[in-house]
Amino acid sequence: MPILPNRIVYLNGCLLPENEAHLSIFDRGFLFGDGIYEVTAVLDGRLVDSSLHMARLERNVREIGGLLPISTEEIVAVERRLVAENHLVEGLVYLQFTRGVEDRNFLYSNDLTPTLLMFTQAKNLEHVVAVECGMKVKIVADQRWTRRDIKSIGLLPQVLAKRAASVDGFDEAWMEEDGFITEGASSTAYIVTQDGSVVTRGASQKTLPGCTHHALVQLIRETSLRFHERPFSVEEARSAREACLTSASNFIVPVTNIDGNPVGEGKPGPIFRRLRALYMEHARRTAI
């Protein structure tokens, strides 16, 4: 997606054209990856699962001992303003919080002024080829730190995992640890077992608590579908009847190939289609 030269962004209290937004080379986000990010989907010009994203943002900033410079209510108002200013109908709002700016030192000062950045990206979310054809995922070793529940801007392991998958012709990487799938490089992983049960990992420090995932789980619990929150193995994934993934940048899409082998019949299945319909209805009904 090309960068829009006249895009309006938010930086530290100001709305300004992106080419006028400048960050210090001494920002701790640049020097140490010392920060948190959020990505909120925009559908029909409205924010999807906004309250979930703001709750996760507050928690993650608190987990690293930070303090948001403005309230989450003010952040949402800025996000909506950016959507309007940039005439965004479908896409994403990206937010990045860092601890702030000072000369390079592992031990940060307690009185730093945080950096807060927000910008929009146009992206097709609803009518994408993957919904009909499915994604191919490659299983790779999970090489991340132990606090994966924190949405850190330190994403090098995920970058390398996605690159390794892409080089081999795959769309996403599913990360494996001790024989079990943790999650995707930028998504939450699900399988449907041969008896029709939907399976995904429960919340822990091993995975990021996805907002799309959280919303979908609540929707599943309201249906008659069998559902289990538990780890599933690589072998279970390879022998699944169906598989899919969720993220704010994809909503929910099917996984039809794992490591070069078809999942089930090698095409999106009926349970995926039911989950997709449930989530899209929820997204439109609750977006703000």
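Mentor: Happy to, starting with R62, which lies in helix α2 (residues 50–63); helices (H or I, at least four residues) and strands (E, at least two) are DSSP runs, numbered from the N terminus. This is a predicted model, where local features need pLDDT of at least 70, side-chain atom pairs count only at pLDDT 80 or more, and totals for chains, interfaces and linings use all residues. Residues are numbered from 1 along each chain as its sequence is written, and side-chain values use heavy atoms, with hydrogens and water left out.

Trainee: Is R62 buried or exposed?
Mentor: Buried means under 20% relative accessible area, exposed over 50%, and partly exposed in between (1.4 Å probe, protein chains only). R62 has a relative accessible area of 56%, so the residue counts as exposed.

Trainee: How far apart in space are R62 and I150?
Mentor: In sequence, R62 and I150 are 88 residues apart. From C-alpha to C-alpha, the distance between R62 and I150 is 10.0 Å.

Trainee: How many disulfides does a search of the whole structure find?
Mentor: A disulfide is a covalent bond between the sulfur atoms of two cysteines, and here the term requires a pair of cysteine sulfur atoms within 2.5 Å. The number found by searching the whole structure is zero.

Trainee: Which cysteine has the sulfur nearest to C133?
Mentor: C133 is in no disulfide, and this residue is partly exposed, at 48% relative accessible area. The nearest cysteine sulfur is 16 Å away and belongs to C244.

Trainee: Within what arc do the buried residues of α5 fall?
Mentor: In helix α5 (residues 156–167), the buried residues are Q158, A161 and A165. An α-helix has 3.6 residues a turn, so residues three or four places apart point the same way. The arc is that of the directions from the helix axis to the C-beta atoms. Seen down the axis of α5, the buried residues line one face, because they fall within an arc of 65°.

Trainee: Which exposed residues does α5 carry on the face turned away from its buried side?
Mentor: The buried side has cover that includes β7 (135–141) and β8 (172–177). The face turned away from that side carries the exposed residues L156, L160, R163 and V167.

Trainee: How many residues of strand β10 are buried?
Mentor: In a regular strand the side chains alternate between the two faces of the sheet. T188, Y190 and V192 point one way from β10, while A189 and I191 point the other way, and all are buried. Strand β10 (residues 188–192) is largely enclosed by the rest of the structure, because its buried residues number five of the five.

Trainee: Which residue of β11 is the bridge partner of V192?
Mentor: β10 and β11 form a hairpin with five residues between them, and G196 in the turn has a positive phi of about 90°. Two bridges join β10 to strand β11 (residues 198–200), running antiparallel. In β11, V192 has as its bridge partner V198.

Trainee: What is the length of the polar contact that joins the side chains of S187 and E172?
Mentor: S187 lies in the loop between β9 (180–184) and β10, and S187 is buried, with a relative accessible area of 6%. A polar contact is a pair of N or O atoms within 3.5 Å; within protein, one must be able to donate a hydrogen and the other to accept it, and residues adjacent in sequence count only if both atoms are side-chain atoms. For the side chains of S187 and E172, that length is 2.8 Å.

Conventions. Expected span 1.5 Å × (residues − 1). Contact = heavy atoms within 4.5 Å. Pairing = 2+ DSSP bridges.
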